[in-house]
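Please read the briefing below alongside the sequence and the structure. It takes up a helix and then a sheet.

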Amino acid sequence: MRSLVASDRSSRHRARLAGLLLVSCALCPAPSLAAQIRDLRLTNIAGGTRLEVGLSDSVTDAIFTLDHPSRVVLDLKPATLDRQLRLPAPQGLVHQLRVGPRDGGGLRIVLEVDRQVVARRLPPVAGDRRLVLELTAGEPARAAASSPASTPAPAAAVVMTPTAPRTLPAARDLVIAVDAGHGGEDPGATGPDGTREKNVTLAVARVLAERINAERGMRAVLTRDGDYFVPLRERIHRARLAQADLFVSVHADAVRDPTVAGSSVYVLSARGATNEAAKWLADRENAADLVGGVSLDDKDNVLASVLLDLSQSAAMSSSMVAAEKVLTELNQIGEVRKSRVQQAGFVVLKSPDIPSLLIETAYITNPGEERRLRDEKYQARLADAILSGVRRYFRENPPPGTRLAALVAQAP
Ligand SMILES: [Zn+2]
């Protein structure tokens with residue numbers, strides 16, 4: 001799954017503004033303090049889903065829809081998040097809800113929906129600061145939108161009319177960043193026979209990329225495709241530029257004891273994540289595009305860290321699930337050094353919003369494993385095992401708007 005507070009990288013540029021409504025609160029005094037979102041609730045109602053936003057004060061809001069994927073967007077201003085706030089789990093028509101900061105002290109709530117919806121804002125009730133939006137499946141009533149003879153919609157109701165063509169939006173391929181460890185002047189570890197880790201990782205990464213590209217609905221991006229040096233942070237950057245859904249780093253392990261053998265799979269440790277969050281927060285300018293596709297630059301510390309934390313913890317739990325699947329598959333083809341997913345502070349695992357794993361395929365310092373690592377057939381078996389794990393992970397957690405999500409939905 002994508003992070004709860006996910007960046008909207010994949011769709012932002014293709015998004016089209018479908019309709020815009022501004023409701024300003026004429027009676028409220030000029031707000032000196034931002035309203036706080038205290039509660040966010042999604043409930044199923046007959047034929048649809050209801051969003052309730054509990055607010056501490058009045059806000060100006062704008063509601064509109066975006067396409068590819070279909071979303072209902074609610075902008076609130078001025079608004080902040082209660083630091084205790086928990087985002088609700090997806091319900092009914094809404095398969096993802098995220099909140100991101102907006103420039104100028106506002107917040108954006110995005111509801112990702114899997115079909116055309118009609119969104120209605122319920123009339124406010126005196127003394128009740130909740131903003132209630134009801135989404136129902138189906139095409140918006142044409143008459144309300146186009147015929148002058150039709151009865152106008154009640155004043156408090158907003159009928160969202162997506163301008164998307166009446167077909168499913170073009171689904172995108174999943175992108176998997178395949179990272180061959182080391183390279184160039186950084187050879188990595190060396191085996192007793194002189195095998196260099198950087199060559200083995202590149203060979204396995206290339207086969208893995210080929211296999212991924214042969215899968216329906218998946219596409220691979222190599223962070224390096226030759227014997228050259230790529231700094232660790234640059235590898236993360238390349239994955240982000242490619243809008244990767246998953247980052248897989250391929251390595252070979254090394255230790256003094258030549259009898260040690262087997263593969264291991266790593267995800268980022270909590271400590272590594274905390275340190276990284278502190279770094280991103282300290283470096284706000286570079287944190288642009290990190291949460292909700294909006295810079296953290298001018299956000300207050302609490303809000304920025306809440307948003308970052310939500311994004312990061314979602315990516316970390318996805319990483320763990322994917323890593324377990326890959327480890328299970330590696331266990332089928334050879335020895336596993338550690339039967340549980342390991343956690344460490346490896347730099348390449350530090351993307352705050354891309355689930356990331358690092359695979360130590362085998363011990364290059366073990367003579368038997370060194371031989372296997374050089375063997376093309378074994379390299380292919382490693383790539384196949386990694387792909388099987390990745391495939392199982394995505395089949396169980398297909399990101400909305402991807403071809404794979406459509407394929408999984410069609411499957412019996
Ligand atoms: Zn390595």
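Predicted model: local features only at pLDDT ≥ 70, side-chain atom pairs only at ≥ 80, totals over all residues.

Residues are numbered from 1 along each chain as its sequence is written. Helices (H or I, at least four residues) and strands (E, at least two) are DSSP runs, numbered from the N terminus.

**Helix 4**

- Helix 4 covers residues 232-241, and Arg235, Ile236 and Ala239 in it are buried (20 or more other C-beta atoms, placed from the backbone, lie within 10 Å of the residue's own; exposed means 12 or fewer, and partly exposed is in between).
- The buried residues of helix 4 fall within an arc of 95° seen down its axis, so they line one face of the helix; the arc is that of the directions from the helix axis to the C-beta atoms.
- An α-helix has 3.6 residues a turn, so residues three or four places apart point the same way.
- Arg233 and Leu241, on the other side of helix 4, are exposed.

- Five strands form an open sheet in the order 6-2-3-10-9, with mixed pairing (two strands pair if DSSP finds at least two bridges between them).
- Strand 6 (79-81) and strand 9 (117-121) are at the edges, each with a single partner strand, so one side of each has no neighbour in the sheet.
- Strand 2 (residues 35-45) runs parallel to strand 6, and three bridges join them.
- Opposite alanine 35 stands alanine 79 in strand 6.
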